[in-house]
Amino acid sequence: MKKTLVIVLMIGLFGSLTAYGYRRPVGIHGIGPRVGFTVNPDQIHVGVHFDLGDLADNLMMQPNLEIGFGDNLTVVAPSFEVDYRFRPDWGVWTPYLGGGAGPVFYSAKHGGSASELGIYLQFGIGKGSSHSTSGHFFLEGKLGLADAPDFKATVGWTFGQ
């Protein structure tokens, strides 16, 4: 049952890449750094993310790659994420809610490695420049639902067009 749910979720997320949004068509609208910490394993993570536009009004895509260090592990976690922004205006603080999925690669300091398919529920708040549809600051939290760190807190900036 768990594998079926994951497969259906992945097909839905990746299949939606062919659609494009009303306000910002699918495409690269920005890129930026991200940094934060995770709980279980207890780590600091750094990474990069891409603003790929909107699938529909207020439904943005922001895949990312994070690398975590600490707790005698190195964790590499690429993730495809879709978030719903509750307000269409990028110039004001806008809360969002979404989710993501992607492989999580674990490498122990003294040998051994594993890989899992991580699934996340995420929430955050972001603010962009007035009258801009890209280039924004965000604060984000992620809850690991399956085979992922239990919690992540991240801050980031997107440099865009």
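Contact here means heavy atoms within 4.5 Å. The structure is a predicted model, in which local features need pLDDT of at least 70 and side-chain atom pairs count only at pLDDT 80 or more, while totals for chains, interfaces and linings use all residues. Residues are numbered from 1 along each chain as its sequence is written, and side-chain values use heavy atoms, with hydrogens and water left out.

**Lysine 152**

- Lysine 152 belongs to strand β10 (residues 151-160); strands are DSSP runs of E with at least two residues, numbered from the N terminus.
- Because its relative accessibility is 3%, lysine 152 counts as buried (under 20% relative accessible area, 1.4 Å probe, protein chains only).
- Leaving aside residues up to four places away in sequence, lysine 152 touches Phe37, Thr38, His45, Glu66, Ala77, Tyr120, Glu140, Gly141 and Lys142.
- The side chains of lysine 152 and glutamate 66 are joined by a polar contact of 2.5 Å (a pair of N or O atoms within 3.5 Å, one able to donate a hydrogen and the other to accept it).

**Strand pairing around β6**

- Strand β5 (residues 64-70) pairs with β6 in the antiparallel sense over 7 bridges, where pairing requires at least two DSSP bridges between the strands.
- Within this pair, glutamate 66 stands opposite alanine 77 in β6.
- A hairpin with 2 residues between its strands is formed by β5 and β6, and aspartate 71 in the turn has a positive phi of about 60°.
- Strand β4 (residues 59-61) is also antiparallel to β6 (residues 73-85), over 3 bridges, with leucine 59 opposite tyrosine 84.
- Strand β7 (residues 94-108) runs antiparallel to β6 and is joined to it by 10 bridges; valine 82 stands opposite glycine 99 in β7.

Technical notes
Helices (H or I, at least four residues) and strands (E, at least two) are DSSP runs, numbered from the N terminus. Buried means under 20% relative accessible area, exposed over 50%, partly exposed in between (1.4 Å probe, protein chains only).
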